Amino acid sequence: MLLGTRLRQLDAVLLACHDLWHPQPFRDPVLSWMSVYPALHAALQDLDEAEVGHLNDDCGAALTFLATHVPMVAEVAALSEVAPLPAVALPDHGARWAWEIPGRKRAQIEAFAAAAQRTAWPILDWCGGKGHLGRLLALDRGCSVETLEIDAALCQEGRMLAARQDLAHHFTEADALQAHPSEAHQGVALHACGELHRRLVQTGAAAALPALDVAPCCYYRGVTEIYAPLSPGRTLQLTRDDTRLAVTETVTASPRLARQRDKEMAWKLGYDAFRRTLGMATYRSFKPVPAAWFRGSFADFLRLMAARDGWPTDAVAGLSDACERAGWQRQHALMRDLIVRHAFRRALEIWLVGDLADYLADRGYRVQVGTFCPRHLTPRNLLLSARWAG
């Protein structure tokens, strides 16, 4: 299916399902879809903990579950399927090029390098940090690489790493949001966040770069309230929170981290119950909570939070037990209700990447979107690969 046609269909079905994925159950325990689909709500509450964990972690499985109660969701599942891009097998470049790179990060870089287009053009490594990706591409392809990075210290470390292997790898200290590519390069970006990857797509197209390979990340960065699509014809409107939802999927946490996540969620919900008991009618967003505050008792946590936010701490003693119970009860229900929202994460991410793809296609590029690595390496595994055809 042509990318533009597929994205228009995804745009329409996501709009039709808006009341399923847009509301945030952490803010409001009673959501509109609960009365529209009471059988779905009941089925979610009947799930055991293992099923809850699996469905929150697997968008495809969650969409299949939802489709038994909301048939139109099946279309979202079909439109969310993305195939791997073809990749070449990289030769063994030894361990020196990957000096000090953590194993999973190294595997992501190698997978990106294997799936990115192989061209004869020099490479512009956008927001490249220490230039790990650029260094591998320079080593693998024997081409010159320019890494653009705002952090001078990272640039200096990158120069030292490149010099160890005598590579034609250069660094430019510059703000990508102000940069304008002007020479013929293949632009590459591995997990440049939000406005940074959008900037490469826009300025790269304006400069008619011959090739672009972009793995986007953190779509919400640079969005103030409403996401502004780059390509026309979108009926769906995404808030900043909606774009953040697209990247909440993570690699499965260890049991210990999952327990800690559940505890932090329950305690925050317990604090929300405390505030509501004292008269706060609506949900109020949390400031960041220090990790150390979760290490004591719930009553200690409540006292610290109340003192920080200006609530009377003398009310803690009489309310902490009831609020802790309320927090865990809401956490239990919330993890089930979140399955509905989490089911749409991949579809929203594809919509966002599709917006970039359509923008490039409208400007004379042949565009492919696929995955460059398996999900266990990173859920942000979509790669937009574009070749100038004008």
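This is a predicted model: local features need pLDDT of at least 70, side-chain atom pairs count only at pLDDT 80 or more; totals for chains, interfaces and linings use all residues.
Strand E4 gives the most to the lining of the second largest pocket, contributing four residues.

Which residues lie nearest the centre of the second largest pocket? They are Lys105, Cys127, Gly128, Gly129 and Leu190.

**Strand E4 and its neighbours**

Is E4 mainly buried or exposed? Seven of its eight residues are buried, so the rest of the structure largely encloses this strand. E4 has strand partners too. E1 and E4 run parallel and are joined by three bridges, with leucine 124 standing opposite glycine 187 of E4.

If you follow the chain from E4 through helix H11 (residues 195–206) to E5, you trace a right-handed β-α-β unit. As you look at these strands, keep a handy rule in mind: side chains in a regular strand alternate between the two faces of the sheet.

**The largest pocket**

Now let's turn to the largest pocket. Empty space like this can be found by rolling a probe the size of a water molecule over the atoms. Thr248, Arg261, Met265, Leu338 and His342 are the lining residues nearest the centre of the largest pocket. Helix H5 (49–57), helix H12 (240–245), helix H13 (255–277) and helix H15 (316–342) are the elements that give two or more residues to its lining.

| Pocket | Volume | Lining residues | Nonpolar | Polar | Charged |
|---|---|---|---|---|---|
| Largest pocket | about 1400 Å³ | 38 residues | 13 nonpolar | ten polar | 15 charged |
| Second largest pocket | about 250 Å³ | 18 residues | ten nonpolar | four polar | four charged |

**A covered helix**

One last stop is helix H16 (residues 345–361), where 16 of the 17 residues are buried, leaving the helix mostly covered. How far apart are the end C-alpha atoms of H16? They are 24 Å apart, which agrees with the 24 Å that 17 residues should span at 1.5 Å a residue.

Terms used:
Residues are numbered from 1 along each chain as its sequence is written. Side-chain values use heavy atoms; hydrogens and water are left out. On a 1 Å grid over the protein atoms alone, a cavity is a set of points where a 1.4 Å probe fits but cannot get out, and a pocket is an open set with protein on both sides within 12 Å along at least five of seven lines; lining residues have an atom within 4 Å of a point. Grid points are joined across faces, edges and corners, and a volume is the space filled by probe spheres set on the points. Ala, Val, Leu, Ile, Met, Phe, Trp, Tyr, Cys and Pro count as nonpolar, Asp, Glu, Lys and Arg as charged, and the others, Gly among them, as polar. Buried means under 20% relative accessible area, exposed over 50%, partly exposed in between (1.4 Å probe, protein chains only). Two strands pair if DSSP finds at least two bridges between them. A crossover is right-handed if, with the strands pointing away from the viewer, the path from the first strand over the helix to the second runs clockwise. The expected span of a helix is 1.5 Å times one less than its number of residues.
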